[in-house]
Amino acid sequence: MAPLAPRTGDAVFANVERVNAELFTLTYGAIVRQLLTDLEEVEEVNKQLDQMGYNIGIRLIDEFLAKSNVSRCVDFKETADVIAKVGLKMFLGVTASVTNWDVDGTSCSLVLEDNPLVDFVELPDTCQGLYYCNILSGVIRGALEMVSMKTEVTWVRDMLRGDDAYELRLKLLKQVPEEYPYKDDE
Amino acid sequence: MASTACFIIVSRNDIPIYEAEVGSAVKKEEAAHQHQFILHAALDIVQDLAWTTSAMFLKAVDRFNDLVVSVYVTAGHTRLMLLHDSRNEDGIKSFFQEVHELYIKILLNPLYLPGSRITSSHFDTKVRALARKYL
């Protein structure tokens, strides 16, 4: 019998290696700062962060599957749940709540109350329009793409812009059927 | 609360990065200029004094009529300077320590360039609240 999929990431979180939260926050801050200096345009920085997140995501999914004992999800609802409860807990140490499902169950919101990336951060006037945590949306998009789900991930609410929580909108565009790279008779 | 008080933060490169008139007295244009002038004049004394002691809080480094200048020098040589007419030394010390903590939070913000002007309105409100509480 396959082991039961964990409902929370607490057990995994307790076992993985961790770094000091401030080191993590400030390192990420330094990356964003450097991107702002290099690319100058806030829009470009958003794009670059998303791309970096994507590159992290397509690798991170392997580590996630190896360490978390999550089995195949039956539908997108379960996928979203696993991301919110296990994935985010494992790599960020926080959990999100999944809300605002649309009728066909293809898009939902992940609401984060707490976000370790943004400690100390305050958006100055020159950086309005910056999605500071855009790397997260990229990570999720990249990770889901590796398990054959094309998604679109966007920020709806951002505490740095004066909202009361962080809300990520997850939209399933299409499920790519798995294809074998070779034919049976070859 | 003190009737007159002027608070500025001077970066290590001698550039003022934050200013606030925090007294309860009626604000006058020329008084503000005069306050800046007195604080500016006190910078030289601070420079000499800062290296003679290990304490961060330098009380009453300079005076002008009934106005006294107290300074707090952080480890990074940023100077928090207060011009005041009150004699509440403990209050001023606590004020400096708490503003120092706020200043550290500002420095930790990755989007803030050290040595640039502090534009955060959150910081401004907090400093004014502290001034009301301690001075």
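Entry 1: I started with F7(B), which is buried, with a relative accessible area of 0%. Buried here means under 20% relative accessible area, exposed means over 50%, and partly exposed is in between (1.4 Å probe, protein chains only). F95(B) also comes out buried, at 0%. The ring centres of F7(B) and F95(B) are 5.2 Å apart and the planes sit at 80 degrees, so I noted the pair as edge-to-face. I'm working with a predicted model, where local features need pLDDT of at least 70, side-chain atom pairs count only at pLDDT 80 or more, and totals for chains, interfaces and linings use all residues. Residues are numbered from 1 along each chain as its sequence is written, chains are lettered from A and ligands numbered from 1 in the order in which they are written, and side-chain values use heavy atoms, with hydrogens and water left out.

**Entry 2: rings in chain A.** How many aromatic pairs are there over all chains? I found 10 in the whole structure. In one of them, Y28(A) and Y132(A), the ring centres are 5.5 Å apart and the planes are at 85 degrees, so this pair is edge-to-face. Y28(A) lies in helix α2 (residues 21-39) of chain A and Y132(A) in the loop between β2 (107-112) and α5 (134-146), so the pair ties together parts 104 residues apart in sequence. Y28(A) is buried at 6%, and Y132(A) is buried at 0%.

**Entry 3: salt bridges.** I used this rule: a side-chain nitrogen of Lys or Arg within 4 Å of a carboxyl oxygen of Asp or Glu. The structure has 10 of them over all chains.

- D14(B) and R79(B) form one, with the closest N and O atoms 2.9 Å apart. D14(B) is in the loop between β1 (5-10) and β2 (16-21) of chain B, while R79(B) is in strand β5 (residues 79-84), 65 residues apart. D14(B) is partly exposed at 46%, but R79(B) is buried at 3%.
- K59(B) and E89(B) form another, at 3.6 Å from N to O. K59(B) belongs to strand β3 (residues 57-64) of chain B and E89(B) to helix α2 (residues 89-108), 30 residues apart. E89(B) is partly exposed at 41%.
- In chain A, D164(A) and R157(A) meet at 2.7 Å, N to O. D164(A) is exposed at 57%, and R157(A) is partly exposed at 23%. R157(A), D164(A) and E167(A) are linked in a salt-bridge network.

**Entry 4: where the chains touch.** I counted 10 residues of chain B in contact with 13 residues of chain A, contact being heavy atoms within 4.5 Å. The two chains bury about 940 Å² between them, 64% of it on carbon and sulfur atoms. That area is the accessible area (1.4 Å probe) that two parts lose on being put together, summed over both. In chain B, L108(B), P110(B) and L111(B) lose the most area to chain A, together 66% of what that side buries.

How many salt bridges run between chain B and chain A? The count is zero. I did find three residue pairs in polar contact across the interface (both at pLDDT 80 or more). A polar contact is a pair of N or O atoms within 3.5 Å; within protein, one must be able to donate a hydrogen and the other to accept it, and residues adjacent in sequence count only if both atoms are side-chain atoms.

Conventions: Helices (H or I, at least four residues) and strands (E, at least two) are DSSP runs, numbered from the N terminus. Rings of Phe, Tyr and Trp (its six-membered ring) pair if their centres lie within 6.5 Å; planes under 30 degrees apart count as stacked, over 60 as edge-to-face and the rest as tilted.
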